[in-house]
Amino acid sequence: MRNTNGQLVCTEDNLVQTPYGLLITEVKKGESLSPNQIRFLENISYEFDGSKHLKFVTVPEKKLVEDIKFHGIEEFIKSLKMIHDFALYNTNLCFDTDDKNALFNLKILWEGLEQIAKS
């Protein structure tokens with residue numbers, strides 16, 4: 001919950017409602033979070049896996065997504081599709097299983113980026 005100044009405050013002893021769910025803190029009901037706690041919330045990135053266990057996103061994973069977003073997701077999608085199509089349709093090469101898997105991996109990448117772009 002946020003107070004009138006927009007700060008996150010506890011709604012019950014030791015519980016703060018955040019965009020990520022409830023956070024257990026040492027803060028008592030009605031008190032605001034400290035600057036360190038707010039920084040922690042701003043920097044946290046996680047998701048739930050199928051078993052509902054927290055899976056933290058690593059710093060390199062977060063940086064990769066940030067870099068892709070900074071440079072333009074649509075540009076990456078277009079580049080991956082172009083490489084895929086060039087290799088598949090504009091060469092006279094025979095593809096073995098590894099080559100086909102590599103092309104399929106490119107397709108998985110651009111489809112994943114398309115999902116990120118939609119969100």
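This report describes a nonpolar core and a helix packing in a predicted model.

## The nonpolar core

The largest nonpolar core has eight residues: I68, I73, I77, L80, L103, L106, W110 and L113. Two elements, α3 (73–89) and α4 (97–118), each give two or more residues to this core. The largest share comes from α4, with four residues. In soluble globular proteins, nonpolar side chains tend to be buried together.

L106 is one of the core residues. Apart from its neighbours within four places in sequence, L106 is in contact with L80, I83 and H84. Of these, L80 is itself listed in the core.

## Helix α2 and what follows it

Helix α2 covers residues 59–71. With 13 residues, α2 reaches 18 Å from its first C-alpha to its last, which is close to the 18 Å expected at 1.5 Å a residue.

After α2 comes G72, and the phi of G72 is positive, near 110°.

## How α2 packs on α3

The axes of α2 and α3 are 5 Å apart, and the two helices pack at an angle of about 90°. Angles of 65 to 115 degrees count as roughly perpendicular, so α2 and α3 are roughly perpendicular to each other.

On the α2 side, the residues that meet α3 are I68, K69 and H71. Their partners in α3 are I73, E75 and F76. Sorted by class, this contact has three nonpolar, two charged and one polar residue. Both I68 and I73 take part in the contact, and both also belong to the largest nonpolar core.

Notes
Residues numbered from 1 in each chain as written. Predicted model: local features only at pLDDT ≥ 70, side-chain atom pairs only at ≥ 80, totals over all residues. Heavy atoms only, no water. Core = buried A, V, L, I, M, F, W, Y, C linked by side-chain atoms within 4.5 Å. Buried < 20%, exposed > 50% of the residue type's maximum accessible area, 1.4 Å probe, protein only. Contact = heavy atoms within 4.5 Å. Axes fitted to C-alpha atoms, helices over the stretch in contact; angles between N-to-C directions. Parallel < 35°, antiparallel > 145°, perpendicular 65-115°, else oblique. Nonpolar A, V, L, I, M, F, W, Y, C, P; charged D, E, K, R; others polar. Expected span 1.5 Å × (residues − 1).
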